[in-house]
Amino acid sequence: MAMLQRRLLKRTLEEAKARFNFNCYPILSPRASFSTLPSSSATASDDVPPQLPPFDYQPKPYNGPSADEILAKRKKFLGPSLFYYYQKPLNIVEGKMQYLYDESGRRYLDAFAGIVTVSCGHCHPEILNAIVEQSKLLQHATTIYLHHAIADFAEALASKMPGNLKVVYFVNSGSEANELAMLMARLYTGSLGMISLRNAYHGGSSSTIGLTALNTWKYPIPEGEIHHVMNPDPFRGVFGSDATRYAKEVQDHIEYGTSGKVAGFIAETIQGVGGAVELAPGYLKQVYDIVRKAGGVCIADEVQTGFGRTGSHYWGFETQGVIPDIVTMAKGIGNGLPLGAVVTTPEIASVMAQKIQFNTFGGNPVCSAGGLAVLRVIDKEKRQAHCADVGSHLIGRLRSLQDKHDIIGDVRGRGLMVGVELVTDRKEKTPAKAETALLFEKMKELGVLLGKGGLHGNVFRIKPPMCFTKDDADFLVDALDYAMSKL
Amino acid sequence: MQRFIPARRLLSVTKYYLRRQRRCFSQVAANEVDNNDGFVPKIPSFDYSPPPYTGPSADEILSKRKEYLSPAMFTLYSKPLNIVDGRMQYLFDDKGRRYVDAFGGIATVCCGHCHPHVVEAIVTQTKRLQHSTSLYLNHAISDFAEALANKLPGNLKVVFFTNSGTEANELAMMIARLYTGCHDIISVRNAYHGNASGTMGATAQSNWKFNVIQSGVHHAVSPDPYRGVFGSDGEKYARDVQDLIQFGTSGNIAGFISEAIQGVGGIIELAPGYLPAVYSTIKKAGGLCIADEVQAGFARTGSHFWGFENQGVVPDIVTMAKGIGNGIPLGAVVTTPEIAAVLTRRSYFNTFGGNPVCTAAGLAVLKVIEKEKLQENAFVVGTYLKERLAALKDKYDLIGDVRGRGLMLGVELVSDQKLKTPAKLETVHIMDQMKETGVLVGKGGFYGNVFRITPPLCFTKEDADFLVDAMDYIMGKM
């Protein structure tokens, strides 16, 4: 008996050692299946992959083209520049709330929400209903005629805004929204210079490429007068969390690099594509002052942080205690509908009346009806509070994971806009690119679809539909723990 | 000796008198009964009743628009219409009154409002998956890209999906600039290509251009057969493009962009022979030729699927939007694999572009156009409509020009046929009266004196008759 106990103890200790092994082996031990069902031959609990929380829903059977067929058509008809995730790309055919289904009916936890876009949940019934009902009545007529949907939605959106932000322009994407914001800033101020943050992403159109400050996304085209200021990045920034020092840099850009007057400043409160980087606390307050003294307007890019995602506030900029002059939004605004918006003050809006500016699809009845339903769902289902609750649980668990695995350099974010940065060396903060790619694949096999970001592609972006639960969060962290332990 | 009466006029006059026999008038037309001749054109019958409308009134909507939407947002008509329902080529206002939609939501609704096959595709897909992005695979985007590419000639087979015409043209311009390494782009005066920074430059009407930097664009003389200085001599106009390149650029340019029929500009067909001559010039300057098919594409011109085919050219890049999805927010850029490869230098990504719902709708649209032979219908009805409008032109001095192709037609009003003085006020008045009679047309042209007739492609001869009769009736009373 004692010998058996000694053997068991020895095995447990060995396994514990392996678990706390800090070496990262690039080759994974071969595994036969990563199904969500626990392995029947499990001897220790950490040999068993974590299981997806249960979900009472059956996807429809899929009879369409296979992944390979689709991939072949994509290569031929969509060009080599249309990239995709995963070595073996996923054929996602159906979605329900925070889950996605592939062609075989396998369920995945969608921890990326179609890039922070599916805010309420895939095929959320209330939003679905609004879209379907409106599509049957009238898809499109343009704003040259009246329709109540656009007016109702504009009113509801404006009521969510502080200050005098109440004139709404509807467009079809984040890029269009930021383009319009830039136009407004330049017209209103009569100045040309725009300021944006290094590591920012604001769009892929010719002007917004100028504001975007990540070389991956910048084609070599003329951008006009744009100043990319130092990123107030608490993790990697040279001044850490010292907002004042970063703000001074903006002051320097204006005083030395411009005529002293600028058109405007634009920033995301938590950089999305850049890797869920939260701006150092107090930064925006100081910068807004500086920019306004230089005659510029302040633009808040809420394409990813808006609509309650940060948990503590409805809008990202509120977490920094400021009120912008122009707010741009897209992505989550329509739970996936092609929709974007710019909200500004009547004063700034009036300069747009000098000429005609018209957006054919913008504000169409279906997207407006969908958008209004989204606002209602977020309020009714108390999504913002939910994001705060689940988000803090998620971040708490991830921080514990950080204590356990050296590869986790930083855990950051707010609510359900979270980033996990991986490094091979905690002091040097060397980006763990290869490991991130590996873990990314591994997580998919385990049933979790994450996002990836950061200039070096070493940040996991966790920004799920806002109906994500604590159980989902636990599953995600357990899966990450499991995957990292196997590295 | 009998006076020779043109058969066409005889026919239209005969029809006019035959219709006077009609006894019953539509409910609203009764308000317009003229005591003199008692005849008001009647909207063709249609077997559909919209559900009763219980939403906000026109006034409530207007006041909310004034408060929460752009101060520059305009409406047509002195008393703006509250349009709440649409079915095929008809729209319904909040009182359930039916109108012939001769504008198609600005040449956008091509299959017909709430066309059952398109709605079905949208609803089915929306219930399954609205959005996931192209980071994952989905068959809807690839199936639609394939079907779209198959509609294009030459080696035009790589598709980029965007969310609007502006986004499509912006991307096309960027691709041209990257591919050639040059910055200069030539567009045509009176063109409309979009409202973002690059496209605002290409757009060539001051009404749409704000006082911001729009670099690297040159505007060529518009090959306008009606108002242009060279009449219909396409090749003479093409020389202006040659001059722009030789004197205004380094001699090498990024490209040339134009609509085959200018939409916003007032349905102006490019003079015959223009595009072939210009394309040749552009190619010699190392540039790419971009065809903006946002309005003229998708069978609207009747004789061909694409507007540029009417001019006998094959562009390097084709942009499209509006009709591509029957009203769903969707745009596309199609080019050759060689040119498309330029975007691999960095990453270009469009979050909403190519989403399952919009691409499912787009595929349904292509199928409907083919199955219901909408291109042929556009040709037949469009030709008929144009003939009737031309007859109307003979009758009224107010009509300066009737032009266009298929169901992309324009009627330009002038107060002096020789001087071609734009009849702006008359246009506004007639447009308003047309609406009262039950026909919704569009307005365009730099002077705002051109009726734009771009209905859903299911428009019938009866609808065409109603439109022309209404116009005749109204002009007759002026």
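In chain A, a network of salt bridges links R236(A), D410(A), R412(A) and E421(A); a salt bridge here is a side-chain nitrogen of Lys or Arg within 4 Å of a carboxyl oxygen of Asp or Glu.

The model is predicted, so local features need pLDDT of at least 70 and side-chain atom pairs count only at pLDDT 80 or more, while totals for chains, interfaces and linings use all residues. Residues are numbered from 1 along each chain as its sequence is written, chains are lettered from A and ligands numbered from 1 in the order in which they are written, and side-chain values use heavy atoms, with hydrogens and water left out.

Over all chains, the search finds 34 salt bridges. Another one in chain A joins D406(A) and R426(A), at 3.7 Å from N to O. D406(A) lies in the loop between α12 (383-404) and β13 (408-414) of chain A, and R426(A) in the loop between β14 (417-425) and β15 (430-431), so this pair ties together parts that are 20 residues apart in sequence. Helices (H or I, at least four residues) and strands (E, at least two) are DSSP runs, numbered from the N terminus. D406(A) is partly exposed, with a relative accessible area of 37%, and R426(A) is also partly exposed, at 37%.

R405(B) belongs to strand β13 (residues 399-405) of chain B and E269(B) to strand β9 (residues 268-269), so the pair ties together parts that are 136 residues apart in sequence. R405(B) is partly exposed, with a relative accessible area of 29%.

Turning to chain B as a whole, its fold contains 14 helices and 18 strands. The radius of gyration of chain B is 23 Å, close to the 23 Å that the globule rule gives for 478 residues, so chain B is as compact as a globular protein of that length. Here the radius is taken over C-alpha atoms, and the rule is 2.2 Å times the number of residues to the power 0.38. Along the principal axes, the C-alpha atoms of chain B fill a box of roughly 70 × 60 × 45 Å. Of the 478 residues in this chain, 63% count as buried. Among contacts (heavy atoms within 4.5 Å) in chain B with a separation of 6 or more, 72% come from residues 24 or more positions apart.

One buried residue of chain B is L467(B), at a relative accessible area of 0%, found in helix α14 (residues 461-476). Leaving out residues up to four places away in sequence, L467(B) touches A102(B), L385(B), M434(B), V439(B), V441(B), I453(B) and F459(B). The C-alpha atoms of L467(B) and A168(B) are separated by 33 Å, and these residues are 299 apart along the chain.

The next topic is how the two chains meet. The size of an interface is often given as the accessible area lost when the parts come together. Chain A and chain B bury about 9,400 Å² between them, with 67% of it on carbon and sulfur atoms; buried area is the accessible area (1.4 Å probe) that two parts lose on being put together, summed over both. In chain A, Y145(A), L146(A) and Y219(A) lose the most area to chain B, together 10% of what that side buries. The contact takes 109 residues from chain A and 105 residues from chain B.

Five salt bridges are counted between chain A and chain B. K73(A) forms a salt bridge with D143(B), where the closest N and O atoms are 3.1 Å apart. T117(A), in the loop between α3 and α4 of chain A, is buried at 0% relative accessibility. Apart from neighbours within four places in sequence, T117(A) is in contact with residues of both chains, including K331(A), N335(A), H131(B) and F352(B).

Methods:
Buried means under 20% relative accessible area, exposed over 50%, partly exposed in between (1.4 Å probe, protein chains only).
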